[in-house]
Amino acid sequence: MATRKSTRLQNQPTQEPVVDKQLTTVNAAGNREKPGGPATKTASTRGVSGGKAKVAKSTISKGKKPQVQAQSSSTKDKLSSLPPEILHLTLNNIKDPSTISALGRTCKSLYSIMMPRLYGRVAVAAMFHAHIPKLIRTLEPHLTIAQKKQLKKEGKYKGQQERYPSGLDEKAKPICATYVRQIIVGVADPGRKHRYIVDRYIEEAFKNMDNLEIVETRVLTKSIVQSLASLKNLKALRLFSSEVEAEDMKPLAKIKNLKHLDLQDYGGFRGAIDRNIMQSMLRNSLSTLQSLVVETDMYAGNFLQGWESKSSGKDGTTPGTHNFTALKSLSLSGITIDASAIKSLHKAMDFMQLGDLTLVHLNDTAGLLLQHLTSLTTSYQGTSAGISLRKLSLKMSDDNFMHTPEQKKAGFEAKCRFISSFGTLTTLELPDYGQYPDSIATNPGLADMLLQAILKHKNLRNLRIPYTGRTSGMKVPYISATTVGIIIAGLPHLQEFEFAPEEEQMDQIAEALVKGAKLRDVTCFPYTSWGSYPAPDHPGDNIISSILKTFLSHDDNRCTGKFVWEDHYQLRRVSLSWKTWDIASKFGKGEKGMTKPEKIKSDDEKREVLFRNVTGSFSRRIHVGYDPDHEWVEKVDREIL
C-alpha cells in the first residue's frame, strides 16, 4: 500500500530543501533571473545531491548567505537587547488583542510575555439571547474539559466546543485561566429561560481564575460569592446589587486587604449586601483601602451604623485616631446622614486627607455632612497639617420632591459655603446645577454665591458644570459672557472648562475664552438651540465657528510671520458633548471615524486653522450591557500599578 504524502515528505533528506530555500532567498536579494529566461533550476535539486546543489552552495558561499543571517540576527538582537523595563513598558502600550496574539506567536520568549497580557482581562455580558454564544466562546478557554462537558449537558448552545482532545486530564485547569488578573461581568440577563446557563458559565469560570486581582461583576450567585471569598490576591472589587439571598453573601465578610472597593446596592431595606458584611469587609482593609465608593438608595440607612462603638482599639487602630489610614478617595451616594452617621464617618476617615471626594444625592435634609466638612476645612486653615483635597464632585441639584423650596435653598447655600471654606482644589465638578421652572422668564445664570466660591480655588485646572440634558418642564441656567469672563480672569491656570453657554452671546463668550492662556479643552453643552424643533441643518457648527473665528481675529501682537495656531493658543479641542472637534495647524493621518479636516479663516483671511470632527473615533457611550464599561477597572489598574 502506498505511503501517505506526509510520510514520504518526512522521509526525504532535509539538506536539499534547505539549500533550495537559501537559493530562493539569495535570488530574491539580487540574483533573480530576467523575465523570459530559462526555467529555474531549483526544482531539479530536490532529491538530487549532484552538481546543481553544488552550484547553489557555491553561490551562497560568495557572500549571500551571511547577509541573510546577519539580517535575521540583527532583527532579533534589536528586541532582545532592550532593557527589560523598556521592553515591558513598550509591550504594555499594545492594547489590541489581535496584535498581542500575533506578537506572542513569533517566538517562545515573546509567547511567555504576551500570553499573560492577552488573557489578563476577561470581559463578558449577555443582555440578549444572541449574546450568549460570544459569552460562551470567551469563557470556555478557561474551563476544564470536564466543566465544558457538564455545561453542555445542562444546556446546548451555539459557541460550545464540539470535540474534545483525547488522552488529556479532563480536570486539569487551562493555563490561560491562571493568566487572568481582571474580570468584568456586565449585565447578563438574556431572559428567564436562558439566564441559568449564563450564570453557570460565569460560576465555573470564577472557580478556575485563582489569580484574580480586580473584579467587577453585576452577576452574583452563591457560587460566585464563595469564589470571591477564596481569592488570595484580590485588590479591587466592584459589586452591584443582586437577587442573591443575604445569607449567601456572608462569605464576602472574609475578604481582606482590598485597595479599592465599590459597592452599589439599591435594594433598600432588603439590600443584598448586609451592613455587617460591608463593615467586616471594611475593617479587614483598614490599612490598605485607598478608594471607597458606596451607592445606595435613600431607604438603605447608614452603612456605618454603630461603627464608632466597635472602634475601641480592637481593630488595631489607636483610640482617638481615624480608622482608614490609607484612604484617599471617597464617593457617597444615597446614604442617610444624621448625627450618628457624622460620628461614624468622622471616626472612620479623615476627610481632610482625602484627595478626591464625591457627594451625590445624600439623604441629608439638615445639611449635617456639609456643615461638618465646612467646620473641618475652617479649622484647618493656617495649620501645618494642610488640606489634601484636590478633586471635588458635588451634586448641585436637589431632586427630593419632599423638600420645600426653603430647604433646597438652604442646601444650596451650604454647598457654596463648603466650597468657599478652602482653596486647594485643582478639579471641581458641579453636575446639574440650578435648573429652574419654565414659568420663570429670567435666566438666573450662575449664582454669585457659587461664582465667588469657585474663584477661591486659584489653582483650579478643570472646572466642569455638566448636564445630562434638560429636565422636562425645566430650563438650564445658561452662563453669560460676563460670567465666563470673570471665571477666565479669576482662574489663570484653567485648562478644561465645561459649561452651558448663552448661545446668543457666543461671540462675546469666545472673546472671553481667548484670554485663557492655558485653556486646552472647552465643552459647551447644552445650549439654547440644542434639542429645538426643527433642528438646524448643522447643529452646533455655529459654536465652533464663533470660537475659532474669534481666536483667529484676536490681535495679540505676536504674529510677525506665518500664523501657526500652536504658537499662539493652547486650545486643542472644542466639544458639544455629543460632537467633538480637534484643532491644529496641521493634522497627521486620521484614525478610523475621523472626518476630513476643514479650514476656517479669520475675517481678514490672513490667518487660518484646521479643525476635524473626531466624534466617530470614540467608543459609543450607549451601553446596553453587551460591551461592559471598563472605566473603573482601568482606573484602579493604573493606581494599583
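Ser-577 counts as partly exposed because its relative accessibility is 48%. In this predicted model, the residue sits in the loop that links β16 (573-575) to β17 (580-584). Its phi is positive, about 75°, although Ser-577 is not a glycine.

Glu-605 also has a positive phi without being a glycine, here about 60°. The loop that holds Glu-605 runs between β18 (598-601) and β19 (608-613). With a relative accessible area of 58%, Glu-605 is exposed, since the cut-off for that class is over 50%.

Val-564 belongs to the loop between α19 and α20 (565-568). The relative accessible area of Val-564 is 27%, so this residue is partly exposed. Along the chain, Val-564 and Ala-584 are 20 residues apart, and their C-alpha atoms are separated by 8.7 Å.

One further backbone feature is a cis peptide bond. The bond joins Phe-525 and Pro-526, with omega at about -10°. Pro-526 is in the loop from β15 (521-524) to α19 (541-553).

**The chain and its confidence**

The protein chain comprises 21 helices and 19 strands. It has 641 residues, of which 44% count as buried. Among contacts with a separation of 6 or more, 72% are between residues 24 or more positions apart.

The average pLDDT of the protein chain is 84, and 83% of the residues score at least 70. Residues 1-75 have a pLDDT below 50, and this stretch has 34 contacts in the model beyond near neighbours in sequence. The pLDDT is also below 50 over residues 620-624, where the stretch has five contacts beyond near neighbours in sequence.

**Helix packing**

Two packed helices are described by the angle between their axes and the distance between the axes.

| Helix pair | Angle between axes | Distance between axes |
|---|---|---|
| α8 (residues 145-154) and α10 (residues 195-208) | about 170° | 11 Å |
| α10 and α11 (residues 222-230) | roughly 15° | within 9 Å |
| α18 (residues 506-513) and α19 | roughly 50° | within 9 Å |

Helices α8 and α10 pack at an angle of about 170°, which makes α8 roughly antiparallel to α10, as angles over 145 degrees are put in that class. The crossing of α8 and α10 is right-handed. On the α8 side, the residues in contact are Gln-147, Leu-151 and Glu-154, and they meet Tyr-196, Ile-197, Arg-200, Tyr-201, Glu-204, Lys-207 and Asn-208 of α10. By class, this contact of α8 with α10 has four nonpolar, two polar and four charged residues.

How are α10 and α11 oriented to each other, with axes that cross at roughly 15°? An angle under 35 degrees counts as roughly parallel, and α10 and α11 are therefore roughly parallel to each other. Their crossing is left-handed. Helix α10 contributes Ile-202, Glu-203, Phe-206 and Lys-207 to the contact, while α11 contributes Ser-223, Ile-224, Ser-227 and Leu-228. Sorted by class, the contact of α10 with α11 has four nonpolar, two polar and two charged residues. Lys-207 of α10 is listed in the contact with α8 and in the contact with α11.

The axes of α18 and α19 cross at roughly 50°, and the two helices are therefore oblique to each other. The crossing of α18 and α19 is right-handed. From α18, Met-506, Asp-507, Ala-510, Glu-511 and Leu-513 take part, and they meet Ile-543, Ser-546, Ile-547, Thr-550 and Phe-551 in α19. The contact of α18 with α19 has six nonpolar, two polar and two charged residues.

Notes: Residues are numbered from 1 along each chain as its sequence is written. This is a predicted model: local features need pLDDT of at least 70, side-chain atom pairs count only at pLDDT 80 or more; totals for chains, interfaces and linings use all residues. Side-chain values use heavy atoms; hydrogens and water are left out. Axes are lines fitted to C-alpha atoms, for helices over the stretch in contact, and angles run from 0 to 180 degrees between N-to-C directions. Helices (H or I, at least four residues) and strands (E, at least two) are DSSP runs, numbered from the N terminus. Angles under 35 degrees count as roughly parallel, over 145 as roughly antiparallel, 65 to 115 as roughly perpendicular and the rest as oblique. A crossing is left-handed if the near helix is turned anticlockwise from the far one by less than a right angle, and right-handed if clockwise. Contact means heavy atoms within 4.5 Å. Ala, Val, Leu, Ile, Met, Phe, Trp, Tyr, Cys and Pro count as nonpolar, Asp, Glu, Lys and Arg as charged, and the others, Gly among them, as polar. pLDDT is the predictor's confidence in each residue, from 0 to 100. Buried means under 20% relative accessible area, exposed over 50%, partly exposed in between (1.4 Å probe, protein chains only).
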